Amino acid sequence: MDNTATDRFDISQFEASRNRLASLAYRLLGSAVDAEDAVQDAFLHWQAADRQRIKVPEAWLTKVVTNLCLDRLRSAQARRERTAGAWLPEPLLDGDPMLGPADTFQQRESVSLAVLTLMERLAPLERAVYVLREAFSHTHAEIAEILDVTESASQQHLHRARRRITGARRGGEEEVDAASARRIVEEFLAAASSGRTDRLVALLTDDATAISDGAGLTEKLLRFDTAQRIAAVARAGFTPTPAKRRLAGGTPAVHYALVNGAPAILFVVGDQVIGAVTFDITGGKIATVRGIAAPARLVRLTEDWRQHEPGAPLITQW
């Protein structure tokens, strides 16, 4: 095989692993943009390596991407961004290959916005072990090799990670019936749009929380921690006004969608997603509402939406 043919073969080997590597990086970083950067850096490492000495390319690439992500998580800039209170996971439209694998409940849960947010509480190594074990089913022996730790250390990291995430999970482990989730979200939208505060409060758990990135206009996330306060904010936020339409760049249509496996409503102007509101539902009520409208957080979601065949909007002209 000549050099050109060898290069083509080696590139095809990398490309065959790209989606899996991107999914790994996204779970570790919570950002599609950063995940793509990490995968591209891994490709450069792959090109520079003596590939004839790499016995198991998939394992080698997994180790490289994992460690590139750990470097990012440990960087001073990442720590500043995350501790400043302005960090939210980047939402992805269901069907995005970066959300895979999704065969088991644990795999689907590991990419939910709720768990991606909770993983911010973990040390980088705990986060890596949790993702490699829960989402990609690596053995502790394999994880030890990837992270250069002992198997015992890998088991300890996983135990701590599971304890912290499980302890902070609201409502326990459950998957919500799709039809019920949509009905609850539609009721929330109808109540918010019509200003029915009592109905909004009734749809929320007693300890509900809401988080908004303020469309990227605030340095810190906006947080609301009582059902009454969330209802008041939702009523004000979901009431259309000429000023809001000018800020949106037009009159949005409002669509129902699934984002990171959770029910969501998307505000869409033309083919541009300008806002996403996601819902965590437990026990038939809404436990968490997340409002994401910072343009930088919606780039990939918008790209996927343009390839999507949406159903009829819940609201044609908001």
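**The close-up**

Modeller: Let's zoom in on Asn260, which touches Tyr26, Glu90, Pro91, Leu92, Asp94, Leu99, Val111, Ser112, Leu113 and Leu116, leaving aside residues up to four places away in sequence; contact here means heavy atoms within 4.5 Å. Keep in mind that this is a predicted model, where local features need pLDDT of at least 70 and side-chain atom pairs count only at pLDDT 80 or more, while totals for chains, interfaces and linings use all residues. Residues are numbered from 1 along each chain as its sequence is written, and side-chain values use heavy atoms, with hydrogens and water left out.

So where does Asn260 sit? You'll find Asn260 in the loop between strand S3 (253-259) and strand S4 (262-269); strands are DSSP runs of E, at least two residues, numbered from the N terminus. Asn260 counts as buried because its relative accessibility is 3%, and buried means under 20% relative accessible area (1.4 Å probe, protein chains only).

Now check out Leu92, one of the residues that Asn260 touches. The side chain of Asn260 reaches the backbone nitrogen of Leu92 at 2.7 Å.

Key. Helix = DSSP H or I, 4+ residues; strand = E, 2+ residues; numbered from the N terminus. Buried < 20%, exposed > 50% of the residue type's maximum accessible area, 1.4 Å probe, protein only. Polar contact = N/O pair within 3.5 Å; in protein donor to acceptor, adjacent residues only side chain to side chain.
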